[in-house]
Amino acid sequence: MSAPSPLLEVNDLRVAFTTEDGVVHAVDGVSYAVSQGRTLGIVGESGSGKTVTSLTTMGLTRGRNTRVSGQILFEGKDLLTLSADALREIRGNDIAMIFQDPLSSLHPFYKVGAQLSETILAHRKSSKAAARDRAIELLQLVGIPDPHRRVDQYPHEFSGGMRQRAMIAMALANEPKLLIADEPTTALDVTVQAQILSLIADLQSRLGMAVIIITHDLGVVAEIADDIAVMYAGRIVECAPARRLFANPEHPYTWGLLESIPRLEASRDRELVPISGRPPSLINRPGGCFFHPRCPYRLEDHKRIDPWLEPLPSDPDHKVACLLSPRVRGEIWRGLRAGTPPEELRAALVESERQPGAAARVGASGPSEAAT
Amino acid sequence: MTKYIIRRLLWVIVLLFLVTLITFIVFYLLPSADPATLRAGRQPSPALVAQIRHNLGLDKPWYDQYYRYMKALVLHFDFGYSYQSNESVRTLIFSRLPATISLTVGAAVIWLVIGIAVGTVSAVRRRSKFDRAAMGTALVAISAPVYWLGLLSLFLFAQDIGKIPLFPGAGSYVPLSQDPAKWFTSLIMPWFVLAASFAAIYARLLRANLIEVMSEDYIRTARAKGLPERRVIFKHGIRAAITPIVTAAGLDIGVLLGGAILTETVFNIPGVGRLAYDSILAGDLPMIQGTVLLGAFFIVMANLVVDVLYAFIDPRVRYS
């Protein structure tokens, strides 16, 4: 986020789908930016809008029932206003994407090599033989052993990790400037996950592309992301450089995500704390802060007031959409780290609300400046 | 693969053997007309009927007759002689085959072209006016019995009795070897009538399959690669959606080669179906046996061809 003009800049993106049940507000005012050579991690539960955001970047959500507004600037061009053909030329060429399930994402009836060559031939003038040579080279690049033989095999003859490597090879075929990886490791074994992540990180450092990695697993982005955006119900609720986000998470949802990850250094008898409840319906969204029905620290005001994503006073790169005051948030997070159960912290918070005199202990809270 | 095909071919022989046995038993056990009486003319003397019965070998027990029949068939590829015309069944059937093949293959080309084209457009432009009109028409085409459709088209377009005389009517079939132009025009109506319901079924089948395939992850990948939409639909979508069409086409063509009885009868085309129909009316056992055997042969062979073809279409399928 430090470069003067980012490669990709998403501004106030909104995507809504009209369905028989009503309008689904899949993405609701999302903004982020990625620069050359940087990695952005987008984290959130299923249905938080993280995949729709990137599919919209690729122009793959266009349709009669889709309403899109905002801006997606790629090298200064707004992808949302590009013609279908112009966008197609960018897809698979300047921006490439890999998906969650590598088996269903590869065509079962075509050889891996043919699917790779096809990507090259879609964007480059090249002979079939040259494309095939390049396919072999790409398979080698992503660490597939014996690429000369593998190039003529079908996806079902590949293992899960190999298939994802093949998908990555396909994405890299035209040396994209931006690689979007949508849950690239979710369908894979843990050991293979690590290999794929280090492969992506390694290729990024060699090829210098920007990477957006979408995941529900904070552990995945912790390893490779420079910046992290946490999405909830179609919005970004917190974003910050990765280290600062892990050191000082500010949003109760981020706390929930962090507290639900098992950690080796934590004592054995410490229980994992799941986030209670379920993600809200994106058709009938809750009023006020979207997270309030599941937030242990909600106050009455939070059901009415919609928080904005605002920078911390102490750190302009760290933004959060939460109605609690920074001081209260700091205290609660320290309490959580110390192992205090959320119920106790909540009780203290409610207590301090009732008696302004006790505010010294948990911090003044009230509707934050964000509310106005 | 070769082993698999050989094994399947051996099964074909067993199956055909069973088919002859079942036809034989059915013919004997079910109350059918007595072939000897049918052949003896008006008010025959019992002695004449007995004589004919003896000549045809019908006075022997059924298993004895069956044994003789099978012996001739296996050793000399001899299907026997028609009770009715005394001609060789084999010769008769082979003389009728070209008409049936002409009818079936022509109709298959029509229904595949129409079915695949309409199914594709309907799936890609789902819920468009075209889709609604096409699927509505398909429903009518599936529901309309082929003999009704045949009679209707004769009534409308036949040169002899039609309101708008466009095409040669019933009984105008000319073999291809005799006059290709007349062969073609005489078959236009039968082809379309026979193809109508198949085209409708195939269009619906492909539409449903293609709609499902187009929501698959690998289609999203194809789009993400930046392929033109046309290529996404044809190379990636239809390629995956077409497999059930191949199966259906193989089996349907197999069934029809054994005789498209209704169409051949309505248009009076001298094909195998017509032959089977006539021989059933006449209680002509060797003829029935021959046509049933031919039909069964085409069906089991079609099954085999479809299964082998499948391995070529879908690389995940391997036979061992």
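## Chain B overall

Two residues are in contact if their C-beta atoms, placed from the backbone, lie within 7 Å. In this predicted model, take the contacts in chain B between residues at least 6 apart in sequence: 67% of them join residues at least 24 apart.

Chain B has 14 helices and zero strands. Along the sequence its pattern is α-α-α-α-α-α-α-α-α-α-α-α-α-α. Its C-alpha atoms fill a box of roughly 85 × 60 × 35 Å, taken along the principal axes. Of the 320 residues in chain B, 37% are buried.

## Where the chains meet

Chain B brings 17 residues into contact with 23 residues of chain A. On the chain B side, α9 (217-224) and α10 (229-241) each supply at least two residues. The largest share comes from α9(B), with six residues. By class, the chain B side divides into eight charged, six nonpolar and three polar residues.

## Helix α7 of chain A

Helix α7 of chain A covers residues 160-172. Its 13 residues should span 18 Å at 1.5 Å a residue, and its end C-alpha atoms are 18 Å apart, which agrees.

Of those 13 residues, 12 are buried, so α7(A) is largely enclosed by the rest of the structure. The buried residues include A:Arg163, A:Gln164 and A:Arg165. A:Met162, A:Met167 and A:Met170 are also among them. The cover over the buried residues includes two strands, β6 (95-98) and β7 (178-182) of chain A. It also includes the helices α3 (102-105), α4, α5 and α8 (190-207) of chain A.

## Packing of α4 and α5 in chain A

Two packed helices are described by the angle between their axes and the distance between the axes. For α4 (residues 112-123) and α5 (residues 128-141) of chain A, the angle is about 115 degrees and the axes are 8 Å apart. The crossing of α4(A) past α5(A) is right-handed.

From α4(A), the residues in this contact are A:Gly113, A:Leu116, A:Ser117, A:Ile120 and A:Leu121. They meet A:Lys128, A:Ala131, A:Arg132, A:Arg134, A:Ala135 and A:Leu138 in α5(A). The contact has six nonpolar, three charged and two polar residues.

## Helix α13 of chain A

Helix α13 of chain A runs over residues 342-354.

A:Pro342, A:Leu345, A:Leu349 and A:Ser352 are buried in α13(A). Seen down the helix axis, the buried residues fall within an arc of 90 degrees, so they line one face of α13(A). An α-helix has 3.6 residues a turn, so residues three or four places apart point the same way. On the other side of α13(A), A:Glu343, A:Glu344, A:Ala347 and A:Arg354 are exposed.

## Positive phi in two loops

Most residues other than glycine have a negative phi. A:Glu175 has a positive phi, near 50 degrees. This residue sits in the loop between α7 and β7 of chain A. A:Glu175 has 11 other C-beta atoms within 10 Å. It is exposed because a residue counts as exposed at 12 or fewer.

B:Asn86 also is not a glycine, and its phi is positive, at about 60 degrees. It lies in the loop between α4 (62-76) and α5 (89-124) of chain B. With 8 other C-beta atoms within 10 Å, B:Asn86 is exposed.

Definitions and conventions: Residues are numbered from 1 along each chain as its sequence is written. Chains are lettered from A and ligands numbered from 1 in the order in which they are written. This is a predicted model: local features need pLDDT of at least 70, side-chain atom pairs count only at pLDDT 80 or more; totals for chains, interfaces and linings use all residues. Helices (H or I, at least four residues) and strands (E, at least two) are DSSP runs, numbered from the N terminus. Ala, Val, Leu, Ile, Met, Phe, Trp, Tyr, Cys and Pro count as nonpolar, Asp, Glu, Lys and Arg as charged, and the others, Gly among them, as polar. The expected span of a helix is 1.5 Å times one less than its number of residues. A residue is buried if 20 or more other C-beta atoms lie within 10 Å of its own, exposed if 12 or fewer, and partly exposed in between; C-beta atoms are placed from the backbone. The arc is that of the directions from the helix axis to the C-beta atoms. Axes are lines fitted to C-alpha atoms, for helices over the stretch in contact, and angles run from 0 to 180 degrees between N-to-C directions. A crossing is left-handed if the near helix is turned anticlockwise from the far one by less than a right angle, and right-handed if clockwise.
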